[in-house]
Amino acid sequence: MAALISLPNPLAPVRRRFHAWWQSRLPFTDSVALTQRNVYILPTRPGWMMGVTLLVLLVASINYQLSMGYLLTFLLAGSALVGMHVCHGTLRGLAMNLVAPHAHYVGATAAFEVKLMNTRRTVRHGIGLSVLDPHDVDPQKGRERHWAWTDVPAQGSSVVQVAFTPPRRGLHRLPTLTAETRFPLGTFRVWTLWRPAAQILVYPAPEAHPPPLPPGEPRSGGAAAALRAQNSGEFDGVRGYRRGDPMKLVVWKKAAKDDGQGSGLVVRDTQQAQRHELWLDFAQAGSAGVEQKLSRLCAWVLMADKLSLDYGLRLPSLEIKPASGEAHRRLCLEALAVC
């Protein structure tokens with residue numbers, strides 16, 4: 001059997017240019033109120049088929065003088081007109097607000113929330129939100145788009161989660177969104193386009209199996225030798241547990257590997273740690289490409305933060321002094337994302 005050859009659509013480039021021009025005219029905003037100016041309506045395929053059917057019924061009724069044919073034709077036409085009005089009113093008057101998204105890692109699906117608010121006294125049914133793919137200009141491919149559907153209660157609100165996958169690390173604008181409804185008959189499609197102004201920060205993807213943390217460096221003016229990195233990937237500067245040591249200094253990861261011979265708990269040696277600094281250096285992150293180095297540094301940052309260590313970050317154009325905590329971890333990840 002001969003394989004079917006799919007011919008390219010000659011109108012696809014024209015459609016892409018039209019969509020790009022149309023989207024460029026939309027303002028960037030994190031909240032939008034839908035009015036007759038930014039809500040569009042067109043018949044769907046079933047709607048066009050219904051129109052053709054009504055035309056055939058009308059011609060047959062005129063030709064054969066069928067009174068019941070006139071009744072059926074105008075009854076169906078009236079229902080379609082009422083459905084068109086209800087469909088347009090379902091989206092018109094709705095307010096949409098974007099909830100600021102959190103940072104994500106490359107390769108992970110980034111989800112953000114959109115709040116739909118309804119001031120009307122009736123429920124709005126069958127409203128869907130989706131990310132608009134700029135390359136998706138074929139109506140048949142539009143079915144493959146992932147939609148989030150909801151009903152907005154009367155004088156209430158509803159929250160919808162929309163997801164997409166960022167292509168690379170860095171600071172990116174959120175993609176253009178589209179909202180639509182085909183309620184109640186499915187003969188008309190009412191939709192709108194929305195360009196959010198919010199941006200999302202995308203961190204490098206952490207390396208799956210990173211090497212141990214690099215050895216500590218002596219502080220300026222210190223005479224102690226550099227510490228060695230342990231096979232477990234923990235920063236050196238530990239000793240056996242002594243009675244009275246704070247429990248927050250216990251290295252629980254080593255305690256989980258206790259061999260039962262009495263080695264027991266170990267704690268961080270604060271005196272030794274005061275003489276050394278842990279630096280995560282771009283130049284020491286291997287000999288691979290830039291993205292691979294950033295991926296390794298990201299894994300090291302997460303590893304050092306999990307061990308509650310003080311660590312610094314050296315990048316070609318930036319240096320962050322050693323510290324610890326949630327704010328320091330976020331600062332280092334942001335630097336890796338935009339460097």
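Me: What covers the buried residues of helix H2?
Reply: This is a predicted model. In H2, the buried residues are Gly47, Leu54 and Ser61. They cover an arc of only 45° around the axis, so they sit on the same side of H2. Their cover includes strand E2 (40-43) and helix H3 (67-91).

Me: Which residues of H2 are exposed on the other side?
Reply: Gly47, Leu54 and Ser61 are the buried ones. Turn to the other side of H2 for the exposed residues: Arg45, Trp48, Met49, Leu55, Val56, Asn63 and Tyr64.

Me: How far apart are the end C-alpha atoms of H2?
Reply: H2 runs over residues 45-64, which makes 20 residues. At 1.5 Å a residue, the helix should span 28 Å. The model agrees, with its end C-alpha atoms apart by 29 Å.

Me: Is valine 82 buried or exposed?
Reply: Valine 82 lies in helix H3. Exposed means over 50% relative accessible area. Valine 82 has 53% relative accessibility, so it counts as exposed.

Me: What span should helix H6 have?
Reply: H6 covers residues 290-306, a run of 17 residues. Count 1.5 Å a residue.

Me: Which helix is included in what covers the buried residues of H6?
Reply: The buried residues of H6 include Leu297, Trp300 and Met303. Strands E4 (104-105), E16 (276-281) and E17 (311-315) are part of the cover. The cover also includes helix H7 (326-338).

Terms used: Residues are numbered from 1 along each chain as its sequence is written. This is a predicted model: local features need pLDDT of at least 70, side-chain atom pairs count only at pLDDT 80 or more; totals for chains, interfaces and linings use all residues. Side-chain values use heavy atoms; hydrogens and water are left out. Helices (H or I, at least four residues) and strands (E, at least two) are DSSP runs, numbered from the N terminus. The expected span of a helix is 1.5 Å times one less than its number of residues. Buried means under 20% relative accessible area, exposed over 50%, partly exposed in between (1.4 Å probe, protein chains only). The arc is that of the directions from the helix axis to the C-beta atoms. Contact means heavy atoms within 4.5 Å.
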